[in-house]
Amino acid sequence: MYILYHYPYSQHARRVVSLLEAAELPYEIRHIDMEKQEYLSPEYLAINPNHQLPTLLDGDIKIHESNAILRYLCFKHELNDWYPADLAARAGVEQWLDWNQCRLGPAIVDVVLNKVFMGEHGDKAAVARGEAKLKELLPILASGLKGKAFLASDKPSIADLSVASNIFHLGFAEASPQEPEIVSWFGRVSALKGFVASLPQ
Ligand SMILES: N[C@@H](CCC(=O)N[C@@H](CS)C(=O)NCC(=O)O)C(=O)O
C-alpha cells in the first residue's frame with residue numbers, strides 16, 4: 001500500500017493520484033492542509049525537507065518530485081502504456097515531462113497562486129510575468145499537439161497526466177487555454193477515469 005502526502009488543490013499531487021487511479025494501484029492519502037500550512041510542520045519537513053507536496057512512501061522508499069514519482073510507479077508496475085518503451089515515444093514523454101516542470105509549471109504558479117490562492121496578498125507583478133510567459137508557452141503546447149491525440153503518441157502517457165494537471169489548474173484563474181489543439185486534447189485527457197478521480201470535489 002502506497003502512502004501519498006496529498007492536497008487536492010496541488011496540481012503536482014493530483015497528477016500522481018491520476019496515475020495511481022488509472023493503474024488501480026492501492027494507496028492511502030495523508031492529507032496535508034496547505035491552507036493551514038501543514039507542509040511547514042516539523043512532522044512533514046522530516047518527510048520532505050522541501051516543504052512540498054506530493055511525497056510518496058513505498059515502504060522504506062520515500063520519493064518527492066511528482067514526475068519522478070510517476071516514472072517510479074511506471075517502472076515498478078511496468079505500466080508500458082503510460083510510459084512507452086519505444087524510443088521516439090519515450091523521448092516525447094520525457095520532453096513534455098521536463099518542459100512541464102521547467103517551463104510551463106512556474107508560469108502557472110505565478111498566475112494561479114498569486115491571482116487565486118494568495119487573495120489580496122498575491123503578487124501582481126508575478127501574475128503579469130506568468131501571463132506573459134503563458135502567451136509564449138501555450139502556442140508551443142498547441143503546436144506540439146497539432147495532428148496528435150496525445151503528447152507523445154496516439155495513447156495517453158504520464159506526460160499528458162502531468163501537463164493536464166497544470167492546464168486544469170489554470171481554470172481556477174479563469175485562464176483556461178483557448179487554442180483549439182489544447183482544448184480538444186484537454187477534453188480527451190479529461191475523459192480518462194484516473195484524471196477525473198484526481199480532481200478536487
Ligand atoms: N517540483 C515539485 C513541485 C511541488 C510543489 O511545488 N508543490 C507545491 C504544491 S502544488 C507545494 O508544496 N508548495 C509549497 C512550498 O513550495 O513551500 C514537484 O513536481 O513535486
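Predicted model: local features only at pLDDT ≥ 70, side-chain atom pairs only at ≥ 80, totals over all residues.
Reader: Which residues surround the ligand?

Author: They are Ser10, Gln11, His12, Tyr39, His51, Gln52, Leu53, Pro54, Glu65, Ser66, Asn67 and Gln101. A residue is near a molecule if its C-beta atom, placed from the backbone, lies within 6 Å of it. Helix H1 (11–22) and helix H3 (66–77) are the elements that give two or more residues to this shell. Helices (H or I, at least four residues) and strands (E, at least two) are DSSP runs, numbered from the N terminus.

Reader: Why do strand S2 (27–31) and strand S4 (61–64) stand at the edges of the sheet?

Author: Two strands pair if DSSP finds at least two bridges between them. The 4 strands form an open sheet in the order S2-S1-S3-S4, with mixed pairing. S2 and S4 each have a single partner strand, so one side of each is left without a neighbour in the sheet.

Reader: What makes strand S3 (residues 55–58) and S4 a pair?

Author: S3 and S4 are joined over 4 bridges in the antiparallel sense, and the definition asks for at least two. Within this pairing, Leu56 stands opposite Ile63 in S4.

Reader: How is H1 placed relative to strand S1 (2–6)?

Author: H1 lies across S1, S2 and S3, and runs at about 150° to S1. Contact requires C-beta atoms, placed from the backbone, within 7 Å. Axes are lines fitted to C-alpha atoms, for helices over the stretch in contact, and angles run from 0 to 180 degrees between N-to-C directions.

Reader: What is in contact between domain 1 and domain 2?

Author: The protein is divided into domain 1 (2–77) and domain 2 (87–192), with bounds from an automatic or database domain assignment. In contact are 9 residues of domain 1 and 9 residues of domain 2. On the side of domain 1 that touches domain 2, the largest share, 6 residues, comes from H1.

Notes. Residues numbered from 1 in each chain as written. Contact = placed C-beta atoms within 7 Å.
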